[in-house]
Amino acid sequence: GCNSVFATKMAMHYADWTVTEAGFGFDLGAEKFFHIKCRNAGLDADAVVVVTTVRALKLHGGKPKDQLDQPDVEAVRAGLENMDKHIESVSHFNKHPVVALIRFESDTDEEIRVIRERAEAHGVSFAESRHFAEGGKGARDLARAVMQSTRYNKPFSPLYDPEDSLFDKVQVVCEQMYGAG
């Protein structure tokens, strides 16, 4: 989940950039981040990052868990629907995300190319991050992409008004975040 409003505001006071992790999955973490934390604390995000891995996309694409280290471009391609949905969900809030791929040793260039091309097809930035293997140096490309993405910054637009009925709030979140009919 999110860090506290106090921690965010303190970090914003002491640093040029403040990064907060909103939780696992844009639909779970960031929806609450925008609707609850940002709205109640008068905050907004200058950038949004959707984090993914080749392994996660292969798993979403139907690859068995014990075979995720094996190259499989088609499983990655099939799993991209999950990334597509997160990008769509970000756009519901009037934000333009960066797709961050956490690169691991078993990832192939072809698998990463497919992910990069999908991000570019959505018109969003893409950056690899190798911080697990290289520390801060491995995250420089991602940091640059995030800083550049702020040029697209617009105020976030919530999915619902606080005055809406509970039913209407739940309905819009179910439909727009989760694709319910």
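Buried residues are those under 20% relative accessible area.

**View 1. Overall fold of the predicted protein chain.** This is a predicted model, and 36% of the 181 residues in its protein chain count as buried. Eight helices and three strands make up the chain, and their order along the sequence is α-α-β-α-α-β-α-β-α-α-α. The radius of gyration is 17 Å, close to the 16 Å that the globule rule gives for 181 residues, so the chain is as compact as a globular protein of that length. The C-alpha trace spans about 50 × 45 × 30 Å along its principal axes.

**View 2. Surface and contacts of the protein chain.** When contacts between residues at least 6 apart in sequence are considered, 65% of them join residues at least 24 apart.

View 3. The three strands are arranged in the order 1-2-3, with parallel pairing, and form an open sheet. Strand 1 (49–52) and strand 3 (125–129) are the edge strands, each of which pairs on one side only. On average, neighbouring strands of the sheet are turned by 25 degrees against each other, direction ignored.

**View 4. Pairing of strand 1 with strand 2.** Strand 1 and strand 2 (residues 98–102) run parallel and are joined by four bridges. Within this pairing, Val 49 stands opposite Val 98 of strand 2.

**View 5. Helix 7 against the sheet.** Helix 7, formed by residues 140–149, packs on the sheet and touches strand 1, strand 2 and strand 3. The direction of helix 7 makes about 155 degrees with that of strand 3. Angles over 145 degrees count as roughly antiparallel.

**View 6. Packing of helix 4 with helix 8.** Helix 4 (residues 73–91) packs with helix 8 (residues 166–178) at an angle of about 135 degrees, and the two axes lie 9 Å apart. The two helices are therefore oblique to each other. On the side of helix 4, the contact is made by Lys 85, Glu 88 and Ser 89. Helix 8 contributes Gln 176, Met 177 and Tyr 178 to this contact.

Technical notes
Residues numbered from 1 in each chain as written. Predicted model: local features only at pLDDT ≥ 70, side-chain atom pairs only at ≥ 80, totals over all residues. Heavy atoms only, no water. Pairing = 2+ DSSP bridges. Axes fitted to C-alpha atoms, helices over the stretch in contact; angles between N-to-C directions. Contact = heavy atoms within 4.5 Å. Rg over C-alpha atoms; globule rule 2.2 N^0.38 Å. Buried < 20%, exposed > 50% of the residue type's maximum accessible area, 1.4 Å probe, protein only. Parallel < 35°, antiparallel > 145°, perpendicular 65-115°, else oblique.
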